[in-house]
Amino acid sequence: MARRSGGQGWNSRVVGAALAVTVLAGGVSVWTAQAGEPTGTAPKAGAAAHDDKTPKAVAKTIAHASDAGARGVNITIDDGPDPAWTPQVLAVLKEYGVKATFCMVGTQAQAHPDLVKKVVAAGHRLCDHTVSHNTAMDKRPETYQSQQILDAERMITEASGGVRPQYYRAPGGAFTPYSRNLAASRGMRPLGWNVDTKDFERPGTAAIVATVEEELPNGPTLLFHDAGGDRTQTVEALRQVLPELKEQGYSFGFPVR
């Protein structure tokens with residue numbers, strides 16, 4: 001989700017849930033991965049020890065490109081799962097035969113494991129979107145960043161029945177060299193976006209569709225949401241955007257890893 005200032009009910013609700021969990025648990029040229037290796041400190045020893053099998057590390061750079069090639073488009077869905085909206089998003093994706101990447105908040109995944117399993121069963125991919133969706137994560141200590149990323153990874157993996165998230169998207173794009181290193185060491189490619197549809201602000205279905213049409217030349221990764229409020233406009237925008245992109249010769253893929 002794009003970075004926003006404070007005072008949002010969504011963040012407040014998620015932060016509250018996360019605190020409870022913590023107490024309980026303790027153009028084509030731009031359609032490429034962002035250049036440059038992070039230069040921050042490496043993850044602390046033992047930080048990735050959430051299970052016995054450490055996943056294979058992946059690239060640390062922020063991914064934007066599509067594995068579907070130069071005419072590929074990546075649909076990414078943030079902040080869920082949500083019992084009201086995730087099933088509707090899944091239905092639209094199924095209708096048009098499109099696979100997407102769902103960037104899930106840990107507490108939401110933990111609360112709705114049935115939906116996480118449905119996402120996986122439909123052939124979509126999972127992405128770690130932290131425990132509490134703090135868009136100021138880049139201003140917090142490394143210990144906090146580690147807790148947010150690793151606890152969410154565990155919550156999502158458990159909710160899915162053992163399927164790990166393949167990506168990590170920092171809330172509001174608040175990546176740090178440390179968080180990118182840590183996520184990549186856990187097999188989660190840092191994931192950016194090229195087109196912020198602003199659907200979170202509910203500007204109207206027509207405005208969301210227009211944003212996609214106008215900004216798609218910036219790159220292939222589109223950002224939508226399936227939680228955090230009324231997502232009627234998002235569902236309707238997807239219903240229009242998906243067939244239009246197919247008609248224009250685009251294909252749908254996943255972000256590169």
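Start by selecting helix α5 (residues 142-160) and helix α6 (residues 177-185): they pack at an angle of about 35 degrees, with their axes 10 Å apart. The axes are lines fitted to C-alpha atoms over the stretch in contact, and angles run from 0 to 180 degrees between N-to-C directions. Helices here are DSSP runs of H or I with at least four residues, strands are runs of E with at least two, and both are numbered from the N terminus. This is a predicted model, where local features need pLDDT of at least 70 and side-chain atom pairs count only at pLDDT 80 or more, while totals for chains, interfaces and linings use all residues. Residues are numbered from 1 along each chain as its sequence is written, and side-chain values use heavy atoms, leaving out hydrogens and water.

Now show the side chains at this contact (heavy atoms within 4.5 Å). Glu142, Gln145, Ser146, Ile149 and Leu150 of α5 meet Tyr178, Ser179 and Leu182 of α6. Those residues divide into 4 nonpolar, 3 polar and 1 charged. Here Ala, Val, Leu, Ile, Met, Phe, Trp, Tyr, Cys and Pro count as nonpolar, Asp, Glu, Lys and Arg as charged, and the others, Gly among them, as polar.

Next, select Ile75, Phe102 and Leu222, the residues with the most contacts inside the largest nonpolar core, which has 33 residues. Such a core is a set of buried Ala, Val, Leu, Ile, Met, Phe, Trp, Tyr and Cys residues joined through side-chain atoms within 4.5 Å; buried means under 20% relative accessible area, exposed over 50%, and partly exposed in between, with a 1.4 Å probe and protein chains only. Which helix supplies the largest share of this core? Select α8, the source of 6 residues.

Centre on isoleucine 75: beyond its neighbours within four places in sequence, its contacts are Val98, Ala100, Thr101, Leu222, Phe224, Leu238, Leu242 and Phe252. A second, separate core of 13 residues includes Leu150, Ala170, Leu182 and Met188.

Two backbone stops come next. Most residues other than glycine have a negative phi, and most peptide bonds are trans. In the loop between β1 and α2, pick aspartate 79, whose phi is positive at about 85 degrees although it is not a glycine. Aspartate 79 is buried, at 0% relative accessible area. Proline 81 lies in the loop between β1 and α2 as well, and a cis peptide bond with omega of about 5 degrees joins glycine 80 to proline 81.

Finish at lysine 198, in the loop between β6 (195-196) and α7. Lysine 198 has a positive phi of about 60 degrees and counts as partly exposed, at 33% relative accessibility.
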